[in-house]
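Take a look at the structure below.

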Amino acid sequence: MSKLLIEDKEVVVPGQIVAEGMDYLPSYGTYRLGENILANRVGVVSLDGKVIKTIPLSGKYIARRNDVIIGQVFDIMSSGWRLKINSPYTAMIPVKDGSFEFIPRGADLSRYYQIDDYVVCKVTNITSQNLIDLSARGQGLHKLRGGRVVYINTHKVPRVIGKKGSMVSMIKQATGCKIVVGQNGVVWLSGEDPKLENLAVRTIEKIDRESHISGLTDRIKLFLEEETGTTLEIPKEDLSDEEIEAVNFEDSEENLSFEEHNNNSNEEKYEDE
Amino acid sequence: MKRVDGRTPEDLRPIEAKAGVIKNAEGSGYFKIGKTWAYATVYGPKEIVPRFMMRPDKGILKVNYNMMPFSGQGERVRPGPNRRARELSLVSEKALASVLDLTKFKNSGVEVFIELPQTDAGSRCAGICAASIALADAGFVMKDMVAAVAVGRVKGEVVVDLSYEEEADETDGGAVDTAMAMVPSSEEVTLLQMDGQVTKEELMKAINMGKEACKKIAEIQREAIKNKYAVGDLR
Amino acid sequence: MNYTEKEHLLKSLNAGYRFDGRTLEDWRNLEIETDLISTSEGSARVKLGNTEVLAGVKLSIGSPFGDRPNEGVLMVGCELLPMAHESIESGPPGIDAIEIGRVIDRGIRESKSVDVEELCIVPGEKVWMVSVDIVPLNHDGNIIDAGAIAALAALKTTRFPEIVNGVVNYKHLSDKKLIVEKEPIAVTVGKIGDHLIIDPTKDEEDVLDARLTCTIGQDGKFCSLQKGGETPFTIDEIDQIFELAMVKSDEIRKQL
């Protein structure tokens with residue numbers, strides 16, 4: 001006689017019994033212990049028929065192939081640039097993937113990217129030892145000039161972007177800022193008006209804090225409208241190429257990292273309401 | 001039988017627990033039991049030094065236990081690692097490692113810093129409880145929380161959660177102080193240390209009382225994390 | 001923060017705002033709580049924005065210094081624990097912590113806020129030793145100013161333990177309080193480009209060109225100064241900083 005002890009979208013914590021009996025199936029974030037299914041990380045419940053899984057609310061970014069991220073250069077070697085990518089592991093852009101331009105051998109690599117530069121790039125490969133290769137040669141991949149950077153949790157990125165970029169578009173509309181959201185939780189922005197730029201930052205931080213509470217989109221819209229004294233329309237197809245690259249949360253075989261590809265594991269991203 | 005502070009043998013001192021209290025950390029926990037008060041912060045996973053310590057099959061856990069200079073029951077505690085702190089760091093690490101799944105974080109490490117601003121016995125247990133909250137807060141995959149409590153015997157009676165005064169009691173053969181940590185869902189013991197003179201029967205009774213206490217503590221730890229996400233004041 | 005963001009910050013400062021929305025001369029929100037650590041003889045917790053600092057006072061009996069036989073000993077120190085920020089490593093105090101401790105110590109000592117002669121028990125033999133330990137819990141910049149407030153608040157609530165047969169009994173604090181008459185307030189002014197800012201966050205501290213900490217008493221007298229950073233100040237700038245620090249120290253003093 002099986003029993004579900006939690007509801008969809010509820011926050012659960014490690015060791016919490018989410019279901020009793022053998023009819024339910026554990027998936028990401030849950031496991032079976034005897035007759036019960038327990039949660040094994042802090043997350044939001046996502047029920048899919050009899051399958052119980054959780055969407056994480058915290059935890060560091062783990063790179064996956066084809067992720068579009070924002071990295072920061074911290075070292076330049078003869079073979080390429082090394083970047084910090086807000087993860088336990090550092091990553092590298094090899095010279096051949098530095099730019100659409102042909103980079104001759106022996107060229108001064110700091111002419112392309114210098115220490116501390118932020119670069120939008122794509123994850124091309126992850127080795128079994130978690131060494132990460134990046135490419136800055138591609139549509140929408142480039143150095144970011146000026147601006148500033150804020151960090152959010154990687155699991156909140158889909159909420160900051162929104163369905164088809166609707167959330168980030170709303171923030172751009174309200175504040176006039178340029179915004180690029182990396183899958184790794186690094187958000188770059190640049191605005192002409194410091195007060196509006198600060199509003200954009202506060203809005204992004206608010207989404208980071210409240211993503212698990214339903215009604216987020218409406219709440220953020222109201223917040224932006226109150227702070228700016230304007231009314232906003234949620235745009236339908238107002239997307240530039242940049243955003244299409246960054247909104248890379250549709251799962252496909254190609255998005256799996258080296259190991260996940262082999263283990264055939266596949267975590268879905270959080271769905272918008 | 002009433003204890004010095006009026007508690008029954010099974011009573012825990014009042015507990016206060018919170019998650020996410022130190023903003024800079026990846027995850028953090030606060031655990032106060034009676035007058036013993038511990039913070040735990042998690043940084044990582046990250047590259048660790050010395051590099052030879054890293055493992056190619058999974059991430060490693062490193063726990064650092066430290067008492068703040070004004071936290072001792074008597075004189076000022078001189079800052080810096082001493083042997084006691086290093087031993088407590090080691091046993092705390094072993095107590096927590098078994099619930100963690102760090103296979104996704106090979107060649108990196110997770111550092112936990114347990115800091116105590118105020119102690120009144122049971123500090124290593126409070127530290128482990130805070131650390132468990134912090135690790136969960138940081139998003140790690142863990143089978144369950146790890147709850148810890150000191151059990152033992154005072155004035156001939158087997159009790160749970162000894163205070164400093166009880167630990168120091170020398171009557172009736174002296175107090176027995178047993179620090180234990182447990183994974184509540186599997187009832188597995190991950191920390192066990194004891195000082196005193198005690199029979200096997202008394203020890204088994206103490207450990208079983210500790211088991212019940214750990215289950216209560218784990219519920220409080222889980223509530224602390226849930227409270228962080230509660231729909232409160234949405235500003 | 002690094003040099004690429006610093007350019008953007010300078011643009012923002014030119015318009016009169018910092019990244020967190022404050023104007024250049026705003027303090028962050030200040031919260032002070034005292035008497036919270038029962039194992040100490042005096043304690044305080046200060047939150048200045050997201051910077052959170054604990055200070056605890058411990059008293060003991062010891063011998064005075066040879067050249068000051070009638071004075072007790074006051075020691076103020078700071079320890080930067082790894083819990084407070086990802087960049088802090090375990091180990092003995094680094095130069096950052098040492099500087100913070102010494103600057104706060106000088107502020108309290110030079111203002112003569114603690115009457116060290118009161119601490120004498122037997123001249124030349126026995127005096128009270130007062131140790132103030134400042135421990136940041138979360139480092140978001142300006143530990144000096146926050147730590148100085150915490151140290152002062154902790155000292156003001158400090159009570160002497162009872163002495164029983166010449167031995168200190170820490171379990172019983174007497175009603176006798178430490179006399180702290182002055183209220184020295186530290187104000188750190190940072191310079192970024194041509195702009196002077198009050199109460200820098202950690203990100204701002206990372207890109208400061210220079211800073212000047214002024215500790216000022218309630219009588220408006222300066223009791224200590226500390227310049228940090230490699231960029232020099234002009235004398236005009238120093239004058240400006242002094243004016244600013246005096247106004248800003250009063251703002252804090254009102255909240256004690």
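The buried residues of α1(C) pack against elements of two chains. From chain A come β12 (118–126), β15 (148–151), β17 (186–190) and α3 (194–210). From chain C come β9 (185–192) and β10 (195–198). The model is a predicted one.

Which residues of α1(C) are buried? They are T4(C), E5(C), H8(C), L9(C), S12(C) and L13(C). An α-helix has 3.6 residues a turn, so residues three or four places apart point the same way.

## Checking the helix length

Helix α1 of chain C covers residues 3–14, which is 12 residues. Just after α1(C), G16(C) takes a positive phi of about 95°.

## Where the chains touch

Chain C meets chain A through 11 residues on each side. On the side of chain C, four of these residues are nonpolar, five are polar and two are charged.

Chain B also touches chain A. Here 32 residues of chain B are in contact with 24 residues of chain A. On the side of chain B, β3 (36–46), α2 (123–137) and α4 (200–228) each supply at least two residues. Which element gives the most to this side? It is α4(B), with four residues. By type, the side of chain B that touches chain A has 15 nonpolar, seven polar and 10 charged residues.

## The nonpolar cores

In soluble globular proteins, nonpolar side chains tend to be buried together. The largest nonpolar core in this model holds 154 residues. Within this core, A130(B), A148(B), A150(C) and A151(C) touch the most other members. Helix α3 of chain C (residues 143–156) gives the most to this core, with 11 residues.

Now zoom in on A148(B). Leaving aside neighbours within four places in sequence, A148(B) is in contact with A95(B), C125(B), I128(B), C129(B), A179(B), M180(B), A181(B) and L191(B).

## Domains of chain A

The domain assignment divides chain A into domain 1 (3–56), domain 2 (68–144) and domain 3 (148–246). How many Å separate the centres of domain 1 and domain 3 of chain A? Taken over C-alpha atoms, the separation is 31 Å.

Technical notes
Residues numbered from 1 in each chain as written. Chains lettered and ligands numbered in written order. Predicted model: local features only at pLDDT ≥ 70, side-chain atom pairs only at ≥ 80, totals over all residues. Domains from an automatic or database assignment. Core = buried A, V, L, I, M, F, W, Y, C linked by C-beta atoms within 7 Å. Buried ≥ 20, exposed ≤ 12 C-beta atoms within 10 Å, placed from the backbone. Contact = placed C-beta atoms within 7 Å. Nonpolar A, V, L, I, M, F, W, Y, C, P; charged D, E, K, R; others polar. Expected span 1.5 Å × (residues − 1).
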